[in-house]
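Please walk through this structure strand by strand, with attention to the sheet pairing and the charged side chains.

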Amino acid sequence: QGQLKIARAAMAARCRLAARFHHIHGANIRLDASHTQATRVESFANGLCFSQEPLAPGQIFLVEIEEKELGWCGHLRVGLTAHDPQRLEVVPEYSLPDLVNLGDTWVFAITRNHNRVVAEGEEAQPRGRPWEPSLLIERLRIPRDTLVGRSRPGRYSHILDDLFKMNVLPATARRSRIGVLYAPQPDGTADMHIVINGEDMGPSARGLPTSRPLYAVIDVFASTKSVRVIPVDYGFPSLQTLCRLVIQKHIVHRLAIDGLDLPPLLKSSCQHE
């Protein structure tokens, strides 16, 4: 158990350091000072971004969609590449097909629906209960709470309350959270998994080489205009998080939280997170 705690602490420290974008990126991308927000400032292409560091096995690189842009067809694209961004002669205009055509790159186009990958002859696995504290991907365990994007309460929040209680937003919506990771396999290769709002979409690519560093690829493409990296804490959930999950599970409507005799910070957390 002591070794497990040490491993979790090491993963948490690595994730905090790696939860930034690489300074190498597409021509139309602007990063904020912290390198955690990437915004496409022109056109619909040249929006490629990479993780600052290669990912460790089981480490998720998670982004939240912050801003959309109407008028374009297509959405965010995510994946992994064995190419060191620093060594690219030119950052490709598109992840699909340009970066993929360089080889050793695996990219998945996110759509509004139907992102789950089911291999031929297999059945779709039932998604876990939304209140389970951890997402299990093969032998990997990731705290689910940070992975889930949620709408903010407002004038029309009753329309989204069922989605809120199920911890689900449409994959391409604002505040949706999308992550990518790789899970090592017994044969020495790895499977790439896409996680959307706390739900594993299944292995979207197989046979990735674990002998080479693998960087996350985030293509801020078309109708997705701005994304932000969300750090994932691999430690145990806080007491506030556990309280919030219980409260959200039992309320009828988010705006009803205002009437509860709770500390203001906990109320805000229950409504907005």
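**Strands and salt bridges**

Arginine 177 and glutamate 64 are both buried, where buried means under 20% relative accessible area, exposed means over 50%, and partly exposed lies in between (1.4 Å probe, protein chains only). The model is a predicted one, in which local features need pLDDT of at least 70 and side-chain atom pairs count only at pLDDT 80 or more, while totals for chains, interfaces and linings use all residues. Residues are numbered from 1 along each chain as its sequence is written, and side-chain values use heavy atoms, with hydrogens and water left out.

A salt bridge here is a side-chain nitrogen of Lys or Arg within 4 Å of a carboxyl oxygen of Asp or Glu. Arginine 177 belongs to strand E9 (residues 177–184) and glutamate 64 to strand E4 (residues 61–68), so this pair ties together parts that are 113 residues apart in sequence. Strands (E, at least two residues) and helices (H or I, at least four) are DSSP runs, numbered from the N terminus.

How many salt bridges does a search of the whole structure find? The search finds eight. Side chains of opposite charge can pair when their charged atoms come close. In one further case, aspartate 32 forms a salt bridge with arginine 228, with the closest N and O atoms 3.5 Å apart. Aspartate 32 sits in the loop between strand E1 (29–31) and strand E2 (37–40), and arginine 228 in strand E13 (residues 224–229), so parts that are 196 residues apart in sequence are tied together by the pair. Arginine 228 counts as partly exposed, at 25% relative accessibility.

Another salt bridge is formed by the side chains of arginine 206 and aspartate 191 (3.0 Å, N to O). Arginine 206 is in strand E11 (residues 199–209) and aspartate 191 in strand E10 (residues 189–196), so the pair ties together parts that are 15 residues apart in sequence. Arginine 206 counts as partly exposed at 48% relative accessibility, whereas aspartate 191, at 3%, counts as buried. Salt bridges that share partners also join Asp32, Glu66 and Arg228 into one network.

The next part concerns a sheet. Four strands form an open sheet in the order E3-E12-E5-E6, with antiparallel pairing; two strands pair if DSSP finds at least two bridges between them. Strand E3 (48–50) and strand E6 (105–109) are at the edges with a single partner strand each, so one side of each has no neighbour in the sheet. From one strand to the next, the twist averages 20°, an angle taken on a scale from 0 to 180 degrees between N-to-C directions of axes, which are lines fitted to C-alpha atoms, for helices over the stretch in contact.

Within this sheet, strand E12 (residues 215–219) runs antiparallel to strand E5 (residues 77–81), and five bridges join them. Glycine 79 is opposite valine 217 of E12, and valine 78 has isoleucine 218 in E12 as its bridge partner. E12 also pairs with E3, in the antiparallel sense and over three bridges. There, phenylalanine 50 stands opposite valine 217.

Is E12 mostly covered or exposed? E12 is mostly covered, with five of its five residues buried. In a regular strand the side chains alternate between the two faces of the sheet. In E12, Tyr215, Val217 and Asp219 point one way, Ala216 and Ile218 point the other way, and all are buried.

Strands E1 and E2 pair in the antiparallel sense over three bridges. They form a hairpin with five residues between them, and histidine 35 in the turn has a positive phi of about 60°. The bridge partner of arginine 30 in E2 is threonine 39. E2 is also joined to E13 by three bridges, and these two strands run antiparallel. In that pairing, alanine 38 stands opposite valine 227 of E13.

Threonine 39, located in strand E2, is buried, with a relative accessible area of 16%. Its side chain and that of serine 226 are joined by a polar contact of 3.0 Å. A polar contact is a pair of N or O atoms within 3.5 Å; within protein, one must be able to donate a hydrogen and the other to accept it, and residues adjacent in sequence count only if both atoms are side-chain atoms. Leaving aside neighbours within four places in sequence, threonine 39 is in contact (heavy atoms within 4.5 Å) with Asn28, Ile29, Arg30, Lys225 and Ser226.
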